[in-house]
Amino acid sequence: MQAKEIKEKIKSLIEQASSIDPNLARKLDEINRWVKDIKPGSLTAKPFVLAFLLQVITDSTIWLMIQSLPSREEQTAKFEQMTPNERYWYGYLFPRWINASDSKFYIWKQKLMSGEFNQEDDDIIRAIAQNIANRNGNFWQRYIADLSMATDLIVSNHHEQPLCIQVTSVSDELNHQKYLAWENTLRAWEIERGLFFSYNPQDANFIHKLVNIALYNSDYLARGKYLKMS
């Protein structure tokens with residue numbers, strides 16, 4: 001989808017959402033005001049902004065499709081067709097974001113547009129996700145989860161209980177404050193459990209260790225637990 005098409009699609013979704021989910025319409029209108037004066041060529045030169053917009057378009061389209069189903073039974077049936085992570089995202093986290101006042105939204109929109117946002121651990125996250133998939137686990141990744149909910153990946157395994165994970169390479173003396181901020185963020189979004197993993201880039205085997213810990217805890221970590229590992 002080209003930049004001009006993306007902008008038109010957002011406007012179309014605002015119109016559709018206005019009669020189905022006014023809170024989503026307001027969120028999309030805020031996003032539309034953020035990008036409407038950016039020329040298509042300039043928008044194309046901002047790959048993270050485009051990627052975020054495409055995700056929001058996808059998520060909003062799916063959410064509106066679910067909300068448009070004529071009965072609760074049909075909505076439930078649609079959720080049952082999803083993977084555990086999709087069900088957690090569309091059935092819980094995405095609607096929470098739609099309906100919440102996201103205090104970080106204004107800040108990270110600025111960072112995305114100015115080019116300050118960079119996914120320092122992007123290669124690591126991709127390697128972790130691929131390793132999870134190779135082990136027959138499931139993962140889910142969203143900019144909204146990353147930037148607003150302190151979640152790099154949502155992971156599920158055999159028991160289909162999604163677990164929110166943040167991965168960081170900050171030093172030991174700094175990661176405690178980051179851990180506390182992470183836990184507070186998860187609690188604020190009413191995410192009931194999470195895994196905070198601090199890794200040493202010099203450890204060649206840390207991805208394998210992290211995936212083992214993530215898949216195990218996605219099955220067994222109790223609600224109300226925010227586990228810190230390194």
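Two strands are taken as paired if DSSP finds at least two bridges between them. In this predicted model, five strands form an open sheet in the order S1-S2-S3-S4-S5, and their pairing is mixed. Strand S1 (138-140) and strand S5 (226-229) each have a single partner strand and stand at the edges, so one side of each is left without a neighbour in the sheet. On average, neighbouring strands of the sheet are turned by 25° against each other, direction ignored. In general, the strands of a sheet pair through backbone hydrogen bonds, and the pairing is either parallel or antiparallel.

Strand S2 (residues 153-156) and strand S3 (residues 163-168) run antiparallel and are joined by three bridges. Across this pair, Ile-154 has Cys-164 in S3 standing opposite.

Two helices are placed against this part of the sheet. Helix H8 (residues 122-134) packs on the sheet and touches S1, S2 and S3. The direction of H8 makes about 15° with that of S2. Helix H6 (residues 84-99) lies across S1, S2 and S3, and runs at about 125° to S2.

Helix H6 also packs with helix H4 (residues 47-68), at an angle of about 110° and with the two axes 11 Å apart. Angles of 65 to 115 degrees count as roughly perpendicular, and H4 is therefore roughly perpendicular to H6. From H4, the contact is made by Thr-58, Asp-59, Ser-60, Ile-62, Trp-63 and Ile-66. From H6, Trp-89, Tyr-90, Phe-94, Pro-95 and Ile-98 take part. By class, eight residues of this contact are nonpolar, two are polar and one is charged.

The empty space in the model was also examined. In general, such space is shown by rolling a probe the size of a water molecule over the atoms. The second largest pocket holds about 200 Å³ of space. Its lining consists of Tyr-88, Tyr-92, Gln-161, Pro-162, Glu-190, Ile-191, Glu-192, Arg-193 and Arg-223. By class, this lining has four nonpolar residues, four charged residues and one polar residue.

Note on methods. Residues are numbered from 1 along each chain as its sequence is written. This is a predicted model: local features need pLDDT of at least 70, side-chain atom pairs count only at pLDDT 80 or more; totals for chains, interfaces and linings use all residues. Side-chain values use heavy atoms; hydrogens and water are left out. Helices (H or I, at least four residues) and strands (E, at least two) are DSSP runs, numbered from the N terminus. Axes are lines fitted to C-alpha atoms, for helices over the stretch in contact, and angles run from 0 to 180 degrees between N-to-C directions. Contact means heavy atoms within 4.5 Å. On a 1 Å grid over the protein atoms alone, a cavity is a set of points where a 1.4 Å probe fits but cannot get out, and a pocket is an open set with protein on both sides within 12 Å along at least five of seven lines; lining residues have an atom within 4 Å of a point. Grid points are joined across faces, edges and corners, and a volume is the space filled by probe spheres set on the points. Ala, Val, Leu, Ile, Met, Phe, Trp, Tyr, Cys and Pro count as nonpolar, Asp, Glu, Lys and Arg as charged, and the others, Gly among them, as polar. Angles under 35 degrees count as roughly parallel, over 145 as roughly antiparallel, 65 to 115 as roughly perpendicular and the rest as oblique.
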